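I opened this notebook to record what I looked up in one structure. The entries follow the order of my reading.

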Amino acid sequence: MTTLLFESPIFLEHKTPEGHPERPDRLRALNLALEHERFQSLVRKTAEQANEDFVLLAHPEAHLRAVMKEIPEEGINQFESDTYASPASLQAALTAIGGAISAVDAVFSGEADNAFIAARPPGHHAEKSKAMGFCFFNSAAIAARHAQIAHGAERIAIIDWDVHHGNGTQDIFWDDPSVLFCSTHQMPLYPGTGAKDEIGAGNVVNAPLSPETGSDHFREAFKSRVLPRVAEFRPDLIVISAGFDAHHRDPLAQLHLVADDFDWATAKLMDIAERSASHRVVSLLEGGYDLQGLAESAALHIHRLMRG
């Protein structure tokens, strides 16, 4: 398998207050893990900053302008309860989108089978018209729309295994049957959405997990609720909102997954992608706030993308 990793030094320049869980050290920890010799064949590319117009694939212009107004000239600005911006934050968010767009282009052109975007800030909590949960713009949603518009993809499946429900992605595609959104997440937990009866236009599949549960419950939910729907949908592209905060070490939740669970889930989705999407998988880093848990889990996920 040919796997691309999109990265950029600008992602380290998005600053949050001291002690905030969404911090630059997250990417530093991942980069250390990727120094292992098994990643020597990983093709690493620098993500380029996207034009602001790409934001409009998933958000109204008013949302873009609202975020832009919150970017400070210096220091750190809190513009939502847990969401902060620093002078380089807009550039970082647009570069995260740029990486996602380039990844989509790469898997549809045949340059790569799959790709991982090691970016911050994350995106899956960003609703159509609201930045929240550390997120400014929804890069996964923008990637899906770009695949449809630029490459003629008819069906996109977005699978979100972050421990927090991807309310933003659900909001953006709530009534769009061309995009299947599946989420495993702890419930109850921030942001409070993601119940089983939230089904959109029949294109939303939520598989909430109770606090203090672990691998068995996660894998059963994946096998019974997520994988059959994705296989039946026969997507032209699989997009993964790859949060690693369901790991048992993570401080923001109470699930007990281990790194092997993310490897297992990646392999299952790659099997479906091989059958219906010519292997095309685009994965975007979302949460994961324990540095060891994040590094171990994301490294196994990326290595599985490389191995097939």
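The entries below go from the sheet to the helices, the core and the backbone geometry.

**Entry 1. Basis.** I worked from a predicted model, in which local features need pLDDT of at least 70 and side-chain atom pairs count only at pLDDT 80 or more, while totals for chains, interfaces and linings use all residues. Residues are numbered from 1 along each chain as its sequence is written, and side-chain values use heavy atoms, with hydrogens and water left out.

**Entry 2. The sheet.** I looked up the strand order and found an open sheet of eight strands, E2-E1-E5-E10-E9-E6-E7-E8, with parallel pairing. Strands, like helices, are DSSP runs numbered from the N terminus (E, at least two residues, for strands; H or I, at least four, for helices). Two strands pair if DSSP finds at least two bridges between them. I noted strand E2 (43–46) and E8 as the edge strands, each pairing on one side only. From one strand to the next, the twist averages 15°; axes here are lines fitted to C-alpha atoms, for helices over the stretch in contact, and angles run from 0 to 180 degrees between N-to-C directions.

**Entry 3. Neighbours of E5.** Strand E1 (residues 3–7) pairs with E5 in the parallel sense over four bridges. In this pairing I found Leu 5 opposite Phe 116 of E5. On to E10: strand E5 (residues 114–117) pairs with E10 in the parallel sense, again over four bridges. The bridge partner of Phe 116 in E10 is Ser 283.

**Entry 4. Strand E10.** I then asked how many residues of strand E10 are buried. Five of the five residues of E10 (residues 281–285) are buried, so the strand is largely enclosed by the rest of the structure. For this I took buried as under 20% relative accessible area, exposed as over 50% and partly exposed as in between (1.4 Å probe, protein chains only). Both faces are covered, with Val 281, Ser 283 and Leu 285 buried on one side and Val 282 and Leu 284 buried on the other. Strand E9 (residues 237–242) runs parallel to E10 and is joined to it by five bridges. Ala 242 has Leu 285 as its bridge partner in E10. From E9 the chain crosses through helix H7 (residues 259–276) to E10, a right-handed β-α-β crossover. Right-handed here means that, with the strands pointing away from the viewer, the path from the first strand over the helix to the second runs clockwise.

**Entry 5. Helix packing.** Helix H6 (residues 215–233) and H7 pack at an angle of about 10°, with their axes 11 Å apart. That angle makes H6 roughly parallel to H7. Helix H1 (residues 25–33) and helix H8 (residues 291–307) pack at about 50°, with axes 9 Å apart, and H1 and H8 are therefore oblique to each other. Angles under 35 degrees count as roughly parallel, over 145 as roughly antiparallel, 65 to 115 as roughly perpendicular and the rest as oblique. I recorded the crossing of H6 and H7 as right-handed, and likewise that of H1 and H8. A crossing is right-handed if the near helix is turned clockwise from the far one by less than a right angle, and left-handed if anticlockwise.

**Entry 6. A contact across the chain.** I looked up His 303, which lies in helix H8. His 303 counts as buried at 16% relative accessibility. Its C-alpha atom is separated by 9.1 Å from that of Thr 3, 300 residues apart along the chain.

**Entry 7. The core.** Which members of the largest nonpolar core touch the most other members? Of its 101 residues, they are Phe 137, Trp 161 and Phe 222. Helix H3 (residues 89–109) gives the largest share of this core, 13 residues. A nonpolar core is a set of buried Ala, Val, Leu, Ile, Met, Phe, Trp, Tyr and Cys residues joined through side-chain atoms within 4.5 Å.

**Entry 8. Backbone exceptions.** Most residues other than glycine have a negative phi, and most peptide bonds are trans. I found a cis peptide bond joining Arg 120 and Pro 121, with omega about 5°; Pro 121 is in the loop between E5 and helix H4 (139–151). The bond from Met 187 to Pro 188 is also cis, with omega near 10°, and Pro 188 is in the loop between strand E7 (179–186) and strand E8 (204–209). Phe 134, not a glycine, has a positive phi of about 75°. Phe 134 sits in the loop between E5 and H4 and is buried, with a relative accessible area of 11%. Arg 234, not a glycine either, has a positive phi of about 50°. Arg 234 is in the loop between H6 and E9 and is partly exposed, at 43% relative accessible area.
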